[in-house]
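Biologist: Could you walk me through this one? I'd like to start with how the inside is packed.

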Amino acid sequence: MAGASMGLQVPSLNVCARKRCRLFWVSLVVLLLASSTRVAFSDSKYLVGLGSYDITGPAADVNMMGYAMMEQTTSGVHFRLRARSFIVAEPGKNRVVFVNLDACMASQIVTIKVLERLKARYGELYTEKNVAISGIHTHAGPAGYLQYVVYIVTSLGFVRQSFDALVDGIEQSIIQAHENLRPGSIYVNNGEVIDAGINRSPSAYLNNPTEERSKYKYDVDKEMTLIKFVDDEWGPIGSFNWFATHGTSMSNTNSLISGDNKGAAARFMEDWFEQNNSASSESVQSAAEGIPRRVSSIIPDVHSHPTKILSVAQRVRSALRKADKPSFVSAFCQSNCGDVSPNVLGAFCKDTGLPCDFNHSTCGGKNELCVARGPGYPDEFESTRVIGERQFRRAVELFNNATEELTGQIDYRHTYLDFSQLEVMVPKQGGGGTEAVKTCPAAMGFAFAAGTIDGSGAFDFKQGDDKGNAFWKMVGGMLKAPNEEQIACQQPKPILLDTGEMTLPYQWAPSVLPIQILRVGQLVILSVPGEFTTMAGRRLRDAVKQVLTNDKNEKLHVVIAGLTNTYSQYITTFEEYEIQRYEGASTLYGPHTLSAYIQEFQKLAGALVRDQTVEPGPQPPDMLSKQISMLTPVLMDTTPLGTNFGDCSTDVPMNATYKRGSMVSVVFWSACPRNDLMTEGTFALVEILQGTDTWVPAYDDDDFCLRFIWSRPAKLSSRSHATIEWRIPQSATPGVYRIRHFGAAKALLGSVRHFTGSSSAFVVA
């Protein structure tokens with residue numbers, strides 16, 4: 001029996017063995033095929049990663065960048081500034097990085113130091129060739145982070161806190177994007193944004209050839225180009241778009257740090273996405289039931305951690321988001337905004353209410369009286385909201401309807417050029433071949449000092465001045481008198497400041513500039529270090545597109561990323577330059593500046609098409625060690641006897657009840673915000689009561705509805721107040737609320753102590 005039993009079992013084992021063998025080989029083949037399929041699928045797609053980090057900087061005493069008004073210094077926060085980054089990579093091949101800054105512009109020295117940090121961390125993975133850093137051109141952020149003298153005069157020199165906030169934030173946003181790299185897809189869409197910009201120099205635009213102008217419906221570019229990032233697992237994770245309008249909805253009298261209309265649009269879209277996708281996590285949603293739309297875990301317990309710096313706390317923009325899903329990142333990037341104003345009601349005289357002079361933008365000969373009006377006039381905060389909302393709403397439509405997928409290779413080209421002496425081939429006047437001309441050392445014309453309808457200058461300067469006057473030429477000549485060659489080169493610009501030839505205490509203006517092309521499939525990004533006017537941008541895009549397509553019908557989306565990698569003011573057409581309005585007077589390198597850009601970008605595009613390398617060009621200077629700062633440091637903070645930092649000097653009324661839409665205002669005894677920038681934190685917080693004794697964060701100083709306003713009773717006073725204003729949103733949950741303030745006070749011997757204060761509770765009905 002045993003033998004029979006064994007005899008019966010042996011064939012069975014052999015059959016099973018053979019079956020297992022066949023199953024093994026079939027399984028192996030299936031696995032290999034599946035693996036092969038996955039590899040092929042993966043190779044045909046991109047890796048995408050997004051990141052975002054706080055770059056708000058010093059919210060007190062620092063000059064704001066953009067209007068060049070010495071008296072316009074930071075004194076609080078409208079909402080926070082951020083660096084938003086995306087990385088797109090082909091597995092094992094090329095990758096590109098694009099960083100969008102809620103800042104006036106990129107800075108050469110910031111770019112240099114960010115690249116040094118990236119090299120130390122990642123080797124040659126991220127370099128000047130494939131990293132673009134672009135500014136949205138808000139005029140309501142801290143200044144002092146550029147290295148050339150002309151851009152830091154009004155900020156009393158270099159401001160290390162402004163610089164560090166940018167370098168740190170850019171690096172952190174790129175690190176986040178790098179660590180978030182995952183398989184995903186990118187979609188592109190285009191559409192017009194109506195009523196978000198007008199041409200602020202129409203007399204110059206009209207000097208462009210009639211035939212050229214007739215090709216376009218508008219005298220500004222109204223097209224927005226949006227890319228949508230979709231993670232293979234998580235779905236949509238972000239969007240970036242490019243659209244041209246100035247960051248001047250906030251005026252030159254504002255003193256609150258703000259991302260202006262583009263920063264507002266980004267905040268609106270990120271909040272919109274988080275709200276509309278919060279239901280994906282039932283457990284988190286139920287835990288957050290009854291809590292307002294945004295809940296953040298910003299502030300650590302200062303009582304249990306008295307020495308902990310609040311600014312290291314990690315912001316979580318929404319408690320309704322899944323914990324391990326990357327937060328949604330939306331960036332509203334700048335384009336060829338040189339002559340585009342967001343103040344769409346037009347320019348009017350403050351004294352008469354009549355339209356300003358068409359050619360010179362003056363009122364009775366004075367430029368100071370001519371001011372453009374935004375859609376919320378006279379409320380600049382409302383104008384910022386409206387222009388931001390118009391961009392946001394169009395972006396949502398493009399985002400929801402984006403179906404064209406980006407496919408194809410990732411590539412890039414970059415070079416540095418000396419724009420002070422660049423030889424350019426241009427058509428001969430009157431036709432008949434070409435001739436060689438040159439760009440000039442940088443110089444600024446008289447109309448530069450006149451300002452624009454978004455922010456006027458002073459004295460008797462006016463736009464459209466191609467003559468100048470003897471007195472101001474003498475004043476400018478005391479710094480550096482231009483020679484005859486420079487005067488002839490810059491014609492018809494009358495030179496007010498010969499900045500390109502001024503070198504004391506170090507260079508006043510850049511001469512070596514970067515140009516760059518990034519390509520992701522059908523998307524081509526032209527990184528330009530300045531503000532192209534509408535027609536100048538059109539000519540550049542068309543010229544590059546012609547080279548890349550070789551006149552074929554290949555569909556490309558070519559966008560200009562303005563104010564990228566460094567800053568060199570404006571770029572007009574040759575014809576606009578002749579009119580010498582503000583933009584022409586600020587076109588530094590003479591009448592052939594645009595032709596030089598077109599020539600050199602066409603070379604880059606040709607190298608891209610032919611897969612050729614390009615020479616790196618002359619390196620820009622690193623002048624960080626030469627920087628001079630005259631900003632007074634914080635010496636000490638004090639409060640009146642019997643009061644403490646964080647105490648209310650003006651509280652809400654006892655048992656107060658407020659309706660949605662009304663304003664709640666609380667004033668605290670405070671200290672200088674430069675003691676701690678509260679990076680990834682907040683100076684102001686609105687909390688709602690949950691249950692009987694649990695206060696939950698609801699709104700912080702990155703919310704459009706909450707303003708942190710800082711002030712001193714006198715310029716040299718060591719005492720200060722923080723006024724926190726909360727305009728209660730219509731969407732606010734009814735309940736019991738309180739307002740809190742967080743800060744850091746400096747003692748006479750230099751030690752910094754953190755504090756917090758709270759208002760009395762009040763009801764929102």
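Biologist: Okay, which residues does Phe762 touch, not counting those up to four places away in sequence?

Modeller: Keep in mind that this is a predicted model. Leaving out residues up to four places away in sequence, Phe762 touches Val652, Ala656, Tyr658, Val664, Trp726, Gly735, Val736, Tyr737, Arg738 and Ile739.

Biologist: And which residues touch the most other members of the largest nonpolar core?

Modeller: That core has 126 residues. Its largest share, eight residues, comes from helix α14 (residues 593–610). There's also a second, separate core of 28 residues, with Ile227 and Phe240 among them. Back in the largest one, the residues touching the most other members are Tyr145, Trp726 and Phe762.

Biologist: Is Gln72 buried or exposed?

Modeller: Gln72 lies in the loop between β2 (60–65) and β3 (73–77). Its contacts include Val62, His139 and Asn254. Buried means under 20% relative accessible area. Gln72 has 3% relative accessibility, so it counts as buried.

Biologist: How are the rings of Phe532 and Tyr597 arranged, stacked or edge-to-face?

Modeller: A search of the whole structure finds 33 aromatic pairs, so let's check this one against the cut-off: planes over 60 degrees apart count as edge-to-face. The ring centres of Phe532 and Tyr597 are 5.1 Å apart and the planes sit at 70 degrees, so the pair is edge-to-face.

Biologist: How many residues apart in sequence are the parts this pair ties together?

Modeller: Phe532 is buried at 1% relative accessibility, and Tyr597 is buried with a relative accessible area of 1%. Phe532 lies in strand β26 and Tyr597 in helix α14, so the parts they tie together are apart in sequence by 65 residues.

Conventions: Residues are numbered from 1 along each chain as its sequence is written. This is a predicted model: local features need pLDDT of at least 70, side-chain atom pairs count only at pLDDT 80 or more; totals for chains, interfaces and linings use all residues. Side-chain values use heavy atoms; hydrogens and water are left out. A nonpolar core is a set of buried Ala, Val, Leu, Ile, Met, Phe, Trp, Tyr and Cys residues joined through side-chain atoms within 4.5 Å. Buried means under 20% relative accessible area, exposed over 50%, partly exposed in between (1.4 Å probe, protein chains only). Helices (H or I, at least four residues) and strands (E, at least two) are DSSP runs, numbered from the N terminus. Contact means heavy atoms within 4.5 Å. Rings of Phe, Tyr and Trp (its six-membered ring) pair if their centres lie within 6.5 Å; planes under 30 degrees apart count as stacked, over 60 as edge-to-face and the rest as tilted.
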